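Colleague: Before I use this file, I would like the grounds for each label you attach to it. Start with the ligand shell, please.

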Amino acid sequence: MQKLLEKEIDMTKILVVCLGNICRSPLAEGILQSRLPNHFTVDSAGTISMHEGCHPDQRAIKIGQRYGVDISLQQSRPIVAADFQEYDHIYCMDISVYQKVQSLAGNDAERRKVKLFLEEAGYTKGHNEVPDPYWGTLADFDEVYHLLVDASDKIAEKFRTESQK
Ligand code: 4NP
């Protein structure tokens, strides 16, 4: 039934991926979802399963709350093979995540779905990675938040422009 509904209203499904799925991609999921219309769904995953089932890092939750994005109920999960069929776009937070996700894709069509989040937003080489704040401070999470907002606004604008063509 869910599948039927998704088809009828032409859903676009986006997956954002980082390493642990507890810092960057949960924030990216919450922010990007808030910038896109309802026929877009955004989910997130990690390339490791170490934090599977855990809620996001407390610092990520706190920074989200500071700006009105509630990510507290999200739960970490690893990316799985089925995600490459399920999602239309798979956005990676940094180059090592991108390389790992590319290596998991089953064919060229699946590989073409995998992009760097910041490159999709128009950032150029050398500026195309979202830094990992995991070993940093709350200020690092704040900085990552603003980078993700800027990129999410640009990606949302890109989808808007494409839909008007
Ligand atoms: P994330 O950050 O990839 O943005 O969720 C990290 C979370 C956990 C670990 C590393 C990075 N870790 O090594 O457990």
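Colleague: What makes a residue one of those around the ligand?

Modeller: The test is distance: a residue is near a molecule or strand if its C-beta atom, placed from the backbone, lies within 6 Å of it. By that rule the residues around the ligand are C18, L19, G20, N21, I22, C23, R24, M50, D132 and Y134. This is a predicted model, in which local features need pLDDT of at least 70 and side-chain atom pairs count only at pLDDT 80 or more, while totals for chains, interfaces and linings use all residues. Residues are numbered from 1 along each chain as its sequence is written.

Colleague: How do the residues of that shell divide into nonpolar, polar and charged?

Modeller: The shell has 6 nonpolar, 2 polar and 2 charged residues. Ala, Val, Leu, Ile, Met, Phe, Trp, Tyr, Cys and Pro count as nonpolar, Asp, Glu, Lys and Arg as charged, and the others, Gly among them, as polar.

Colleague: What is the phi of N21?

Modeller: The phi of N21 is positive, about 55°, although N21 is not a glycine. Most residues other than glycine have a negative phi.

Colleague: Which residues does N21 touch, leaving out those up to four places away in sequence?

Modeller: They are P26, S44, A45, G46, H51, S76 and R77. Two residues are in contact if their C-beta atoms, placed from the backbone, lie within 7 Å. For N21 and R77, the C-alpha atoms are 6.8 Å apart, with a sequence separation of 56 residues.

Colleague: What makes you draw an open sheet here, and in which order do the strands run?

Modeller: Helices (H or I, at least four residues) and strands (E, at least two) are DSSP runs, numbered from the N terminus. Two strands pair if DSSP finds at least two bridges between them. Strands β1 (residues 12–18) and β3 (residues 89–92) are joined by 4 bridges, and β3 and β4 by 3; both pairs run parallel. The order of the 4 strands is β2-β1-β3-β4. At the edges are β2 (40–46) and β4 (114–116), each of which pairs on one side only.

Colleague: Which residues of β3 stand opposite I14 and L15?

Modeller: I14 has H89 as its bridge partner, and L15 stands opposite I90. Further along, C92 has L116 in β4 as its bridge partner.

Colleague: How does helix α2 lie on this sheet?

Modeller: Helix α2 (residues 24–35) lies across β1 and β2, at about 175° to β2. Axes are lines fitted to C-alpha atoms, for helices over the stretch in contact, and angles run from 0 to 180 degrees between N-to-C directions. Against α2 and α8 (138–163) pack the buried residues of α3. In α3 (residues 58–66), those are R59, A60, I61, I63 and G64.

Colleague: How do you know that V130 is buried?

Modeller: V130 has 26 other C-beta atoms within 10 Å, so V130 passes the cut-off for buried. V130 lies in the loop between α7 (117–120) and α8. Among the residues it touches are R24, M93, F117 and L148.

Colleague: Why does the chain agree with a compact globule?

Modeller: The radius of gyration is taken over C-alpha atoms, and the globule rule is 2.2 Å times the number of residues to the power 0.38. For 165 residues that rule gives a value near 15 Å, and the protein chain has 15 Å, so the two agree. Buried residues make up 39% of the chain. The secondary structure comes to 8 helices and 4 strands.

Notes:
Buried ≥ 20, exposed ≤ 12 C-beta atoms within 10 Å, placed from the backbone.
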